[in-house]
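Please examine the sequence and the structure before reading on.

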Number of protein chains: 2
Amino acid sequence: MRIDELETPVAMVDLARLEHNIARLQAYLDERGIANRPHIKTHKIPEIAHMQLAAGAVGVTCQKLGEAEIMAQAGVNNILITYNLLGTTRLERLVRLRRRAEVSVTADSVTVVRGLSAAMGVAGVVLEVLVECDTGGQRAGVQTPAAAAELARQISAAPGLRFGGLMTYPSGPNTDPFVRETKALLAADGIAVTRVSGGGSPRMWQAHECREVTEHRAGTYVYGDRHMLAVGAMTLDECALSVHCTVVSRPTAARGILDGGSKTFSSDLFNLDGYGLILEYPAARIYSFSEEHGHVDFGACPSAPEVGERVTVIPNHACVVSNLFNHVVGVRDGEVEVIWPVAARGMLT
Amino acid sequence: MRIDELETPVAMVDLARLEHNIARLQAYLDERGIANRPHIKTHKIPEIAHMQLAAGAVGVTCQKLGEAEIMAQAGVNNILITYNLLGTTRLERLVRLRRRAEVSVTADSVTVVRGLSAAMGVAGVVLEVLVECDTGGQRAGVQTPAAAAELARQISAAPGLRFGGLMTYPSGPNTDPFVRETKALLAADGIAVTRVSGGGSPRMWQAHECREVTEHRAGTYVYGDRHMLAVGAMTLDECALSVHCTVVSRPTAARGILDGGSKTFSSDLFNLDGYGLILEYPAARIYSFSEEHGHVDFGACPSAPEVGERVTVIPNHACVVSNLFNHVVGVRDGEVEVIWPVAARGMLT
């Protein structure tokens, strides 16, 4: 089947670009001796995770336990969940998952550590727990090396848990000093920090500048998107995910309406101008979204599409787009090669 | 099961409020002699559509053919699809659907009308088509009464089609003049405009001010959201949809992290301050989202939650939130009464 026979909007993955992106980051990290632990939140597709593992990844990263369950069901055996897991039912699920796969998690508070320890201790399993450190991202994570060291000590002492190292997102200029100071504090207790997990796609080619980082978690690099182009981390030829839309209305000389809106693309803006790049009309501006309508200004284009014409949109943010589609279509040379259910789509818990 | 036993994030519908919202709009429209044709894009749940029909709605509105197929499968027999439907495969689906249900659609160009006519003509079925008019919404729709009249004539003359009236979104101050002028133009041809479909929840209580409108399409009114509060169309006591989240991190004195981000809430801002209202901490500000993290500033609150505490969030935009959940939980008096799959979620084509 040719791609232009598919109904729009349709999310398409250029398989050659996908393979290139997987190979390129793996080669870069291999050369620097950094373990590759790609984040599956971008694609949520087991087969792509297996491609990443086959290329040399040591395991995968998940953000939600539900994503990890889907990956484990598909035979992915080494999973880091970079999230504070809380709640009785969730921790019971974590125990069951831990029995079936090499799972590690992160924590940034005593409350989380206590919950993990209680659940694992009762179940008689051992879980590796990394301390999440805020080294500049200003999201979750302990704020100081002293707090990191203290939590590491508590993990080390907790029944059912094993201290697994440090995790941060994104890794950046402040990561090394934070990690070194934490290591020094822990050395006094005889606690070694053997694993330091950094992350992020925008600065993935600078991952080696964080000398303390032993593994890197990148997600978006498999697909690429307009944000990755804007920060200079990828080229347009590397953008593997695109959404084919149809122009369904041309109400005025300049205005065009696409059959995809915020329920197709999300409304992530990332400080970019407009909500996506139309490859066939690069001067067009997707200036707003309704839920199922993309509002486009074609005024700056030499010509504008007619009703019924199909266009190719590079979205602002690949990760939220693939989460809106029930499946994506893998394409090679314009032909459909595979249709992948987005198996971990909507796994919110 | 009590709601606090459910894993978070979880989308919950207060059933008493849902019933109130359905009854209130129905009563208002009944009093004014306006037919009620609620838009299911907000909930995407057949059982809620049946509640709306049982209350007196004449049928439902869908934005996508896939939504309409789901509704028809669930026994909803009268459906208006307010969208330009294009493409061979899609039109074959429309023919099949038309054979099973009273379906009408809209069009705003000759291209769309020709496609509809060709498909229906070959199949030997008759489809009612309304002309979409842009009466101020600046989305799709013909721009002038003359263009509306011309397209109405073409529909009237097209094999397999029946002219079904006019549609606009949202209806507003310019709707009546536009409709009256179109009617006058068509009267000369002996073409009657018997149905004028207006829409929108923000101005639903002003629907009667559009004297020409014979039916109203509102979607968000069933659930309510922060946007509906901001425009004064609904009260907080009428907000039926909320998302329970857990505070998973408290990295600083002011900062808190919820276990829901842009993949739970979308990133729709609607010019509001922040990404949602936390009922237990109304002075808190959800200032940004990662995909699975809600970043909250609790600095203005008299007290702040601890890690593990659950909070209730009224989202900015209900329609995109329910489209991110595989199911929503119907609740009465704090007890789970029903779990509804969001059956038409992700129906993008």
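Domain bounds, as used here, come from an automatic or database domain assignment. In chain A, this assignment gives domain 1 (3-9 + 227-341) and domain 2 (15-222). The centres of domain 1 of chain A and domain 2 of chain A, taken over C-alpha atoms, are separated by 33 Å.

This is a predicted model, in which local features need pLDDT of at least 70, side-chain atom pairs count only at pLDDT 80 or more, and totals for chains, interfaces and linings use all residues. Residues are numbered from 1 along each chain as its sequence is written, while chains are lettered from A and ligands numbered from 1 in the order in which they are written.

Two residues are in contact if their C-beta atoms, placed from the backbone, lie within 7 Å. Between the domains, 15 residues of domain 1 of chain A are in contact with 19 residues of domain 2 of chain A. The contact between the chains takes 50 residues from chain A and 50 residues from chain B.

The table gives the classes of two contact sides; Ala, Val, Leu, Ile, Met, Phe, Trp, Tyr, Cys and Pro count as nonpolar, Asp, Glu, Lys and Arg as charged, and the others, Gly among them, as polar.

| Side | Residues by class |
|---|---|
| Chain A, touching chain B | 14 nonpolar, 24 polar, twelve charged residues |
| Domain 1 of chain A, touching domain 2 of chain A | nine nonpolar, three polar, three charged residues |

Of the interface residues of chain A, 100% are also interface residues in chain B, so the copies meet through the same surface.
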